Structure formats: structure tokens, C-alpha cells
Amino acid sequence: MNQYTIIMTRKTFFLILTIGIISLTTNAQEYKTGIGARLGTFNGLTIKHFVGESNAIEGLASFRWDGFIITGLYEWQKPLVADVDGLDYYLGFGAHIGSWGNGRNKYWNNDNRDDGFTIVGVDFIAGLEYTFQEVPFSLSLDWKPAINFGGYGWWSDGVALSIRYTFK
């Protein structure tokens, strides 16, 4: 072997080794942005965008009780099982603001008030997400409890299934 062949072999070896190490240590998400529907006790729209390898922001526009809620969440997402590609868990927190046109037919309101009201609070989220390898979709199932300020208490019924079209 001449010196040129030895140098090229070493360079090729180190290049392959570097690419292998990077691919093993990178556990990035399978997509960059996902847009879709959220179906559960609060139905609506969802958009999730990764701002890092395992950090995402998610926005929700939810509809319930003849009103709406806008929620912003910051989430940490990691692989659940190393042997299952695309299956992750995530945890996060955020805040919401919403409005209803009247107070009728709400389980926390017994006085049949006719005026509108605004709700503000903090949210937490814990869930599982599966990103399909063959098609550009992801499915997630999560629980998103919330604490409301202003007398409307604790919402613990925020369970939902989300389906998102994903963009790389």
C-alpha cells in the first residue's frame, strides 16, 4: 500500500465513524412541523413545530361549550423505546386563554348567567406520539390538565387524540 491509499483509507474510516456517531447520538424527531386535528373533550386544531432535536412548541385552537380556547405549549419529546422507531413520549407546560358567549350549560355554573366571560390559566401535557415512517402522518394520545384562574378551577378531562400531517 502506498502512502496515498493509507491516508484515503484513514479519512474514509474517520468520515464513516463520525457519521455513525452522529446518527447514534442524534435522536431527533421524525418531522419538523405537523398540522392536524385534535379530537377529545376539547376538539380543535393543532400545530406542532420542533425548535430543537427534542424540544417543540405546540399551538392548539380548541372548541367547547359554545366558545373557544387558544393554548400554547412547550414540550420535551424523547424516544419511548429504543427498538421502536417513531414512538416517543412527551411532557410539557403552557398557558391558555379562552372566551364563552354565555355561562349557560357549563357544569361549573348553576346560576344560568347570560353574560360572556374569559378564562385564563396554565396547562400541563403528557402523551405518546407515533410518527409513521412510510407516510407523512403522526398520531398522538395525550392528557392535558389545566388550572384556571378566576374561579373556574381545575380541568382534568383534557384527553385527546391528535392526527397531524407532517412536514420534514
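This report describes strand pairing and salt bridges in the structure above.

The structure is a predicted model, in which local features need pLDDT of at least 70 and side-chain atom pairs count only at pLDDT 80 or more, while totals for chains, interfaces and linings use all residues. Residues are numbered from 1 along each chain as its sequence is written, and side-chain values use heavy atoms, with hydrogens and water left out.

**Strand pairing around β6**

Strands (E, at least two residues) are DSSP runs numbered from the N terminus, as are helices (H or I, at least four residues). Two strands count as paired if DSSP finds at least two bridges between them. Strand β6 covers residues 117–131 and runs antiparallel to strand β5, residues 87–100, with 14 bridges joining the two. Within β6, I119 stands opposite G98.

Strand β7, residues 137–143, also pairs with β6 in the antiparallel sense, over 6 bridges. Here Y130 has L139 of β7 as its bridge partner. The two strands β6 and β7 form a hairpin, with 5 residues between them. Another antiparallel partner of β6 is strand β8, residues 146–149, through 4 bridges. In this pairing, V122 stands opposite I147 of β8.

**Salt bridges**

A salt bridge is a side-chain nitrogen of Lys or Arg within 4 Å of a carboxyl oxygen of Asp or Glu. The structure holds 6 of these contacts.

| Salt bridge | Closest N and O atoms |
|---|---|
| E75 and K48 | 3.2 Å |
| E58 and R164 | 2.8 Å |

E75 forms its salt bridge with K48. Because E75 lies in strand β4 (residues 67–79) and K48 in strand β2 (residues 43–50), this pair ties together parts that are 27 residues apart in sequence. Both residues, E75 and K48, are buried; the term buried denotes under 20% relative accessible area, exposed over 50%, and partly exposed in between, with a 1.4 Å probe and protein chains only.

E58 forms its salt bridge with R164. E58 lies in strand β3 (residues 55–64) and R164 in strand β10 (residues 159–167), so the pair ties together parts that are 106 residues apart in sequence. E58 counts as buried because its relative accessibility is 3%, and R164 is buried at a relative accessible area of 0%.

E129 is buried, as is R164. A network of salt bridges links K48, E58, E75, E129 and R164.
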